[in-house]
Amino acid sequence: MPAAVNITETDLRTALRGFLLSVVGDLYEVVKGQDNRVAMPEGRFITMTGLNNDELNKPYSTWQDSGQPTGGLELTNQAKKWICQLDVYGEDAGSTASTIFTLARSGYAVRWFAELTKDKGFSVIPLYADQPHQTTMINGEKQYEERWTLDLHLQFNLVISTPMEFAAELYVKPASVDATFPPE
């Protein structure tokens, strides 16, 4: 059985996209950044680009014994910080980025992510956001596009499950080492 993880980057992006849509509604399209062979959307949109996946603690293990001869699981746990760059494009991008920044650092975001993930087997916790800053770009038509960028820092608790054998009973037969393996 291969190792199984409780949360993927797709899960993180899906959760973050839901949060962003709760903030901006249908005024913006929210998409994954760095997709090949996909044109940039028209009008207002937000791209999400994962930057880092930093550890917040060293991994530690817990175990689940199934009580069956087939064995159980070793659960390797680690708190991680996912940093996602948000690029907000279009009219009012600056004020939208500022709204996202403010709400990402509020009780609203904590409650929103807690409610979203309560039955999913993982949790996402907003830690903080970096101040938005203007990163205007020049498009293919050599026109300036309004773009504001901020980094959002989210915590998730990774659990990796791997198979592990357990023993319900052990039989020990003592043996004299010197008799079994005489010294030379």
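Buried means under 20% relative accessible area. The views below use that cut-off and show a predicted model.

**View 1. Residue T47 in strand β3.** T47 is part of strand β3. Its relative accessibility is 10%, so T47 counts as buried. Across from T47 of β3 stands V31. Apart from residues up to four places away in sequence, T47 touches V31, G33, Q85, L86, D87 and Y89.

**View 2. Residue T49 in strand β3.** T49 also lies in β3. Because its relative accessibility is 10%, T49 counts as buried. With neighbours within four places in sequence set aside, the residues in contact with T49 are G33, Q34, I83, C84 and Q85. In a regular strand, side chains alternate between the two faces of the sheet.

**View 3. Pairing of β3 with β2 and β5.** Strand β2, residues 29-32, pairs with β3 in the parallel sense, over 4 bridges. The pairing of β3 with β5 is antiparallel and runs over 10 bridges. One of the positions to look for is N52, whose bridge partner in β5 is I83.

**View 4. The largest nonpolar core.** This core has 31 residues. Which of them touch the most other members? They are L16, F19, L20, I46, L86, I100 and V124. Two or more residues each come from α1 (9-24), β3 (45-55), β5 (72-89), α2 (93-104), α3 (107-117), β6 (124-129) and β10 (147-164). The largest share, 7 residues, is given by α1.

**View 5. Surroundings of L86.** L86 is one of the core residues that touch the most other members. Leaving out neighbours within four places in sequence, L86 is in contact with L16, L20, I46, T47, M48, I100, W148, T149, L150 and L152. Among these contacts, L16, L20, I46 and I100 are also listed with L86 as core residues that touch the most other members.

**View 6. Helices α1 and α2.** The axes of these two helices come within 10 Å and cross at roughly 120°. The helices α1 and α2 are therefore oblique to each other. Their crossing is right-handed. On the α1 side the contact is made by F19, L20, V23 and V24. On the α2 side it is made by T96, T99, I100, L103 and A104.

**View 7. Helices α1 and α3.** Here the packing angle is about 130°, and the axes of α1 and α3 are 11 Å apart. That angle makes α1 oblique to α3. The crossing of α1 and α3 is right-handed. From α1, the residues in the contact are A15, L16, G18, F19, S22 and V23. From α3, they are Y108, A109, W112, F113 and L116.

View 8. D92 sits in the loop between β5 and α2. Most residues other than glycine have a negative phi. D92 is not a glycine, yet its phi is positive, at about 65°. Is D92 buried, partly exposed or exposed? With a relative accessible area of 40%, D92 is partly exposed. Beyond its neighbours within four places in sequence, D92 is in contact with Y28, R44 and E146. The C-alpha atoms of D92 and G121 are separated by 37 Å, and these two residues are 29 apart along the chain.

**View 9. Residue K142 in the loop between β8 and β9.** The loop that holds K142 lies between β8 (137-138) and β9 (144-145). K142 is a residue other than glycine, and its phi is positive, near 65°. The relative accessible area of K142 is 69%, so K142 is exposed.

**View 10. Residue T102 in helix α2.** T102 belongs to helix α2. Its relative accessible area is 46%, which means that T102 is partly exposed. How far apart are the C-alpha atoms of T102 and Q131? They are separated by 9.2 Å, with the two residues 29 apart along the chain.

Definitions and conventions
Residues numbered from 1 in each chain as written. Predicted model: local features only at pLDDT ≥ 70, side-chain atom pairs only at ≥ 80, totals over all residues. Heavy atoms only, no water. Core = buried A, V, L, I, M, F, W, Y, C linked by side-chain atoms within 4.5 Å. Buried < 20%, exposed > 50% of the residue type's maximum accessible area, 1.4 Å probe, protein only. Contact = heavy atoms within 4.5 Å. Pairing = 2+ DSSP bridges. Axes fitted to C-alpha atoms, helices over the stretch in contact; angles between N-to-C directions. Parallel < 35°, antiparallel > 145°, perpendicular 65-115°, else oblique. Left-handed = near helix turned anticlockwise from the far one by under 90°.
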